[in-house]
Amino acid sequence: MDLSFLLSPEALISLVTLIFLEIVLGVDNLVFITITSNKLPKEQQHLGRKLGLAGALVMRVIFLSFASFLVHMVDPLFTVDLGFFSHGFSVRDIVLFAGGAYLIYKGIVELRGVLGLVEEKEEYAKRHDDKPQATVKRIGLAQAVGSIMVMDLVFSIDSVITAVGLANQLIIMIAAVMIAVFVMMAFIDQISDFINKHVQMKILALTFIAVIGVLLVLDGLGIHTGMEVLEMHLEKFMVYFAMVFAFVLELIQMRYVGNLARFQRECAHRDKDQKGEKAAAAEPAVSDEQE
């Protein structure tokens, strides 16, 4: 089998472009994996993330193997005409609508749990042997991996269809997907730990999930500008830009809070030392008066 075409400039450009596309569009998938793996017991969360990404890789490879079918996923199956709204629904539209609706539900439910301090109340109840008012709903490893694989299909449907359009060789598409998933595997634990450690980032991630769900529902209904930036709809690009801006803003705020806390500790330590020095200087004077 002649694979010399892989070294051609066209093939390399296609490979790099697809890797970049898969990683950029995989951010929402990483957030969903983090939220889903948090429902697992602590000792299974690392394994759940890795297996979820591995399952997602298998799903994408199988998905890409049916390249000829993917071309027809955008062909309308039926049309809904309400006068003020008319749209021909394809397989892609149905998948995006259903997946988006689930993400909206998931984001809102999880966000309510965070705002309701469910995890904190459960932890407090455990320490005091009380029955918690609300508990975090735990799931099994198989259920978590299955959810991640199914949602990866929703997240990747556009990027996979785009990959079919950008690269003519199946081996290039599969190589790009594998490299992108391996990169995400390398950083998924760090991303998950960072989101879980900083509650403001968790709230931001859940909001991101819900907003992406809204965009998927609108896309499934055919409501979008039709303009694309970096192979994604303008609306999604704007949401990604807004979320990156919010993320950077949160990092700056976290840096400020950390610097302020460190400065306050230094001031408190310095004030304590000065009080100790004044007290030590006052002791000999008191002793002299007594003599």
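Guide: One term first: a helix here is a DSSP run of H or I with at least four residues, numbered from the N terminus. By that count, Ile252 sits in helix H10. Keep in mind that this is a predicted model.

Visitor: Okay, and is Ile252 buried or exposed?

Guide: Exposed means over 50% relative accessible area. Ile252 comes out at 54%, so Ile252 counts as exposed.

Visitor: Which residues form a nonpolar patch on the surface?

Guide: Ile252 is one of them; Val244, Phe247, Val248 and Leu251 make up the rest of the patch. Together they have about 410 Å² of accessible area.

Visitor: Let's zoom out. How many helices and strands does the protein have?

Guide: There are ten helices and four strands. Reading from the N terminus, the order goes α-α-α-α-β-β-α-α-α-α-α-β-β-α.

Visitor: And how much of the protein is buried?

Guide: 36% of its 291 residues count as buried. The accessible surface of the protein is about 17200 Å², and carbon and sulfur atoms hold 66% of that.

Visitor: Now the inside. Which residues have the most contacts inside the largest nonpolar core?

Guide: Leu103, Phe155, Phe208 and Ile212 do, in a core of 26 residues.

Visitor: Which helices each supply at least two residues of this core?

Guide: That would be H2 (27–37), H5 (91–115), H7 (141–166), H9 (199–220) and H10 (234–290). H9 gives the most, with nine residues.

Visitor: Back to Phe208. What does Phe208 touch?

Guide: Leaving out residues up to four places away in sequence, Phe208 touches Val27, Asp28, Val31, Val239, Tyr240 and Met243.

Visitor: And which residues does the second, separate core include?

Guide: Ile19, Leu21, Ala176 and Met185 are among its 18 residues.

Visitor: New topic: helix H6. Which residues are buried there?

Guide: H6 covers residues 118–127, and Val118, Glu122 and Ala125 are buried in it.

Visitor: Why are they on the same side of H6?

Guide: Because they cover an arc of only 65 degrees around the axis, they fall on the same side of H6. The general rule is that an α-helix has 3.6 residues a turn, so residues three or four places apart point the same way.

Visitor: What do the buried residues of H6 pack against?

Guide: They pack against H5.

Key: Residues are numbered from 1 along each chain as its sequence is written. This is a predicted model: local features need pLDDT of at least 70, side-chain atom pairs count only at pLDDT 80 or more; totals for chains, interfaces and linings use all residues. Side-chain values use heavy atoms; hydrogens and water are left out. A nonpolar core is a set of buried Ala, Val, Leu, Ile, Met, Phe, Trp, Tyr and Cys residues joined through side-chain atoms within 4.5 Å. Buried means under 20% relative accessible area, exposed over 50%, partly exposed in between (1.4 Å probe, protein chains only). Contact means heavy atoms within 4.5 Å. Accessible areas come from the Shrake-Rupley method with a 1.4 Å probe; for residues, only the protein chains shown count as cover. The arc is that of the directions from the helix axis to the C-beta atoms. Patches are made of residues with over 30% relative accessible area and no salt bridge: like charges are joined within 9 Å, nonpolar side chains (Val, Leu, Ile, Met, Phe, Trp, Tyr) within 5 Å. A salt bridge is a side-chain nitrogen of Lys or Arg within 4 Å of a carboxyl oxygen of Asp or Glu.
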